[in-house]
Amino acid sequence: MKFNISEREGRVRPDGMAKVTGDLKYLTDLTFPNMLHGKILRSSYPHANIVSIKTERAEQLPGVAVVITHKDVPGMNRFGIIFPDQPVFCEDKVRYMGDAIAAVAAESEAIAYEALALIEVVYEELPVIDDPKKALAKDAPKLHPSGNILHRATFKNGDVSKAFDDCFTVVEETYELPRQMHAYLETEGGVIVPKEDGSITVYAGTQHGFKDRFQLARILAKPEHEIRIISSPMGGSFGGKDELNIQPYGAILALVTGRPVKVHHTRKESVWAGLKRHPMRITMKTGASKTGKIVAHEVRIIADTGAYATLGPAVLDFAVEHASGPYIIPNIDIEGLSVFTNNGVSGEFRGFGGNQITFALEGQINRLAEALGIDPIELRRKNIRKATDKGPLGQRIAPSNGALEVLESINALCMKQKEKQKQEPCSKWKRKGTGMALAMHGGGLGFGRLDSAGGRLALNHEGKIEIAFGFEECGQGLLAVIENIVIKEIGCSQNDLKIVIGDTALVPVSGSSTASRGTSIVWQSVQRMKEPFTQKICKRVSQLLSIPENELILGENGLWRVNGKHPCMTYKQLAQEMKDGSPLVVYTNFHFPTTPDAVIGGHYLYTFGGVKVEVEVDLLTGKVKVTDLDHVIAAGPVISPNGYRGQIEGGGVMSLGYTLMEEAKMEGGRYVTENFDTYLIPGIADIPFHTNVQAIEALYKDDSHGPRGVGEIGTIAITPAIVNAIHDAIGHWVQHLPVSSEEILEAIEVRRMLEWT
Amino acid sequence: MTTKKENSSLASSVIWTPTTIQEALAKKKEFGADACFISGGTLLQLQWENGNKVPKNLISLQLIQKMQGIEVERDHDCKVLSIGALSTLATCQNHSLVTMERKLLSEVVKHIAAPAVRNQATIGGNIAGRSGDVIPALLVMDAEISLCNKVSSLKKSVWSWLKDKEDQQDDLLTQVHLPINEQERNMHYFYKKIGRREAFTAAIVTVAGSMSLNELGELDHVRLAVGGGDNLPHRLKATERLFKGEKLSTVTWKEVYSSILKEFLPTTDAFLSADYRKKVAAHIIISELQELVFPSLK
Amino acid sequence: MDLNKADHVVSKMKEEFTLSFLVNGQKHELPVQASARLVDILREKVHLTGTKVSCGIGRCGACSVLLDGQLVNACLVMAYQVNGKSVLTIEGLGTDGNRNIQEAFLHEGGFQCGYCTSGMIMAVKALVDAVPNPTEEDIKEALSGNLCRCTGYGGIIRAVQRLANGNA
Ligand SMILES: Cc1cc2nc3c(=O)[nH]c(=O)nc-3n(C[C@H](O)[C@H](O)[C@H](O)COP(=O)(O)OP(=O)(O)OC[C@H]3O[C@@H](n4cnc5c(N)ncnc54)[C@H](O)[C@@H]3O)c2cc1C
Ligand code: FES
Ligand code: FES
């Protein structure tokens, strides 16, 4: 396992010690005196009218404090990040198995469960729309007043139909992608604590505390300042905790009872209620000239968004935007539909639609290469974007040579692999294959979306340099990124620093911890704040000690005079001196960098990734194993080597699972898999010990945007690369994920690779 | 949706801890259907999680000395490895007598669950659950089990125990016996568990086999068994017969293939069809038998 | 009640009994239900929340602890099964000053969100106690029951290898 960036400074992440000793309190570990336990009654049917809800028997059970339903929601009985269409509690209709009907607060979890069983709900079942095809049928019942189409997104350029006529080769294929579960190890949960003055503190993981506060204020009909959200640390999120989950239920229960209420989903409850990655059906028709110039690309996307909107529209926009990836194709026609069904709610998930669309796109490129008889890498080289080319929606973007640089590195790795493979004979019942793929991924929310960023830097009263962001630590290593950047840019040491995140009472607005934007924003914020902050501090110290400002620098433990042997004033002393004066604090507020062209959702900062894999196909079982994996990533400078590598390796394995085994299958609107016994994520035996990460750190000349986030880019190219390698091994193209060993075995038999069949 | 945590009946169960086989059987008789034996409890808890009823009385076997320990015994002129039913799977994997005398069992157990579960789960529970992954291996090793009930105690081959459809719910499985003399006859064994992921997963199919070649180069003692997951474990008797008196060079593999497809009746689930499971079992069995004559690099 | 001294009358554990066991070397006597899960007892009664629950059915390893030195899933172990025994949780690991495993995890990026980490470290402890110089195969087998969604296992593998090389 190699990484071209060795650990530059042996700094361990700030939250590390508490994590390896078990001392860290996750929000689901908290208990409070007099605390009640909350449980939520979910629907019994994927689609039904609610005839009646009777809670009396549950209320009478000893130990039950309260039972609530839609009647108890003080404000708006709806939530949803983009537009609120999901009922906190259903009034008259359920649209998926995760819909909430009622909630109970009781002295123990066991009593709460008993009470749930006593709530009598009479339903009138309705036909279940368990596939977007059914939802789009003319006579389909409407799941929402506006119909069954949540969102339509299109992009057109040139004239595809004319271009196809002139093509030498056209390939057309439909790709199908499954519902993936985030499978963070910590299920949703937390504690909501009410105060006598009517305010509440919500201790529950989310990716955007202020957004939760905004949504909860609407639901509770309370001013935002009466709601405090403490939302870090989290045991993983990957997009899955971006939307509200248990918060509204815990909050109402706490307000009604006046007691702290803990709600913590079991895995099963998490599966039922939680978000998933959008299943998509993508048809692509792609044509090229004889010399391999891709000239036409037609794409149709149908996304199963489930019962409610959450970020469904944005996910579809992202998929549409990335449908041509890093390739320059003159004639393009893309149309996507995000469709309501009675399946589980699909929403934000690391990669954000990029995984699905890139699987299809890279599949097309490889098939085209085969049809044209051109080496797939050469075909990519012929069509790849140049540094200053426009973005995929025709918008101006920050120039980057990342695409080509990644391609060339991957090419070198593929050549090496082929050499190695030649030398290693394969066993009789196995076939090896090598595959590669590229990915391009936009960071930030995109043009036309409120994408405010910011931070705060101060010398606090304890004498610590305090940096605050409205971000969350989901595990991604945000704290280490902040620490490394501040130490490098400000010059202080680890001990001088205090990082504040994850508490709406203490942090400034930084936007959400999503869209690979965290690292970018931290770096840009510090760039903006370091000058004014240093100046402010030096000015003050200069006044106090009568040393010229320009001879002072910030260093370990305090301010140093140039060439001094120790600090002339420690941060602590300075804090003492300023006890009564105005505080030393600077703020920054800015908008995440966006394209100057008014292309809704279009991104400005892109990262590039490439993967080379080797797989081994078992001819007896059709099973596929990844035996060797290389990532090449171009995302600017590496801030925190362990964190960077961990994001790429971890993201890669998450998508290895997506490709080879993960599927949150639903039948008739019900989950077939409800826990980790049948929803399989990769274990340590499934991953190649030979995994290397190569970071290309150089940015395009004069690029002033600094390091980009790498939370998502490592999850994308691996999927098409594996499928490409399978083709290399046995000559079969997979278009349906997760790769079915049954399908592979059939392909093996069709090819008569086993003499007895 | 109910989970074990929600299953309030478990909280009110009484746990009995007999120290002898007789006491355990007496308790079972006393409570009948309202009681069950529990060893490691790993399988039972899974079943409860999936909504099975928790009996009022749980008879823990944990303290019964007679059902513990591993030793080599003589049975007439045969050497037998006797394994107490309470031996954990981890013990079966690592015990020196097992690794010396019956390496196959150790290999097999390695593919069951993961270390933490193996430290708790017992071999008795694996067998008594009737779908455990050890069963196919026991079938090809000609294993026997000791069973006790209120009236008698007897030894039975695992195969005939499986075939007996009569209700044996009240029987206590006390010992597993693996003959070890066979090895001298140059037996070859194989065992494969195929799952949807490389490790720590339920079996799609589990296959085991044994065979030897006699002086004439003919196949001898061919035993083939399948099982795993929700598939009922059993011997492939008809397929075994195809090898009688055959040399490896004369075997018609196509015939073997179709025979296995006919004889093995696995389950279908949301992920994989019965058809696929049959084929996988057949491919593995054939490849393993072929490896015997034409060993290739593995 | 001491399980090991059951007399002629078949002992039984009523719905509730007094569980007596050691946690990280400290003796505890607690009234609990005989079938209560060890993980709930540790988290709710002993107030040690380092041991996590993620699947509740033995399928993820987040709840791994050592029971009399053996790795088990605390969500599958019932109260009566630990009576008279000794439990080591993440909080008890390294209290003797030997924090090698934890150090290795810190330096090699063996965790991200940290939610699998307590269990993972206990599984590594069980591994290196038995096999100080584990091979790739040993590592795969020993950690096969511990799922990690964040790291992709790379950092975990490097941490174990670092331990094997003795430079924790
Ligand atoms: C996470 C997990 C993974 C698993 N993976 C696998 C796997 O890969 N392969 C596999 O085969 N199994 C697997 N299992 C199932 C199970 O753990 C094993 O089969 C195990 O060996 C059962 O042993 P136990 O002692 O825990 O049985 P228990 O749960 O105690 O009992 C199982 C059944 O046998 C009965 N019983 C137990 N002992 C006796 C006895 N001595 N005499 C008569 N009846 C008895 C019980 O009444 C019960 O019906 C898994 C279980 C879990 C929780
Ligand atoms: S919580 Fe115990 S193994 Fe998952
Ligand atoms: S570190 Fe998050 S699950 Fe392992």
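This is a predicted model: local features need pLDDT of at least 70, side-chain atom pairs count only at pLDDT 80 or more; totals for chains, interfaces and linings use all residues.
1. Is H13(A) enclosed or open to the outside? Twelve of its 13 residues are buried, so the helix is largely enclosed by the rest of the structure. Among the buried ones are Leu478(A), Val481(A), Ile482(A) and Ile485(A).

2. A word on the geometry of H13(A), which runs over residues 478-490. From its first C-alpha to its last, the helix reaches 18 Å, close to the 18 Å expected at 1.5 Å a residue. Just after the helix, Gly491(A) takes a positive phi of about 100°.

3. Now move along chain A to His603(A). Where does this residue lie? His603(A) is found in the loop between strand S25 (584-591) and strand S26 (605-618). Because its relative accessibility is 3%, His603(A) counts as buried; the cut-off for that word is under 20%.

4. Which partners does the side chain of His603(A) have? One is the side chain of Glu321(A), with a polar contact at 2.8 Å. Another is the backbone oxygen of Gly601(A), reached at 3.2 Å. Leaving aside neighbours within four places in sequence, the contacts of His603(A) include Phe318(A), His322(A), Gln395(A) and Thr595(A). Gly442(A), Gly443(A), Gly444(A), Leu445(A) and Gly446(A) are in contact with His603(A) as well.

5. Finally, have a look at where chain C meets chain B. Chain C brings 34 residues to the contact and chain B brings 40. About 3100 Å² is buried between the two chains, and carbon and sulfur atoms give 57% of that area.

6. How many salt bridges are counted between chain C and chain B? There is one: Arg118(B) pairs with Glu141(C), their closest N and O atoms being 2.9 Å apart. Seven residue pairs are in polar contact across this interface. On the side of chain C that touches chain B, strand S1 (11-13), strand S5 (70-73), helix H2 (79-82) and helix H5 (136-142) each supply at least two residues. S5(C) gives the most, with four. That side of chain C divides into 16 nonpolar, twelve polar and six charged residues.

Note on methods
Residues are numbered from 1 along each chain as its sequence is written. Chains are lettered from A and ligands numbered from 1 in the order in which they are written. Side-chain values use heavy atoms; hydrogens and water are left out. Buried means under 20% relative accessible area, exposed over 50%, partly exposed in between (1.4 Å probe, protein chains only). A polar contact is a pair of N or O atoms within 3.5 Å; within protein, one must be able to donate a hydrogen and the other to accept it, and residues adjacent in sequence count only if both atoms are side-chain atoms. Contact means heavy atoms within 4.5 Å. Buried area is the accessible area (1.4 Å probe) that two parts lose on being put together, summed over both. A salt bridge is a side-chain nitrogen of Lys or Arg within 4 Å of a carboxyl oxygen of Asp or Glu. Ala, Val, Leu, Ile, Met, Phe, Trp, Tyr, Cys and Pro count as nonpolar, Asp, Glu, Lys and Arg as charged, and the others, Gly among them, as polar. The expected span of a helix is 1.5 Å times one less than its number of residues.
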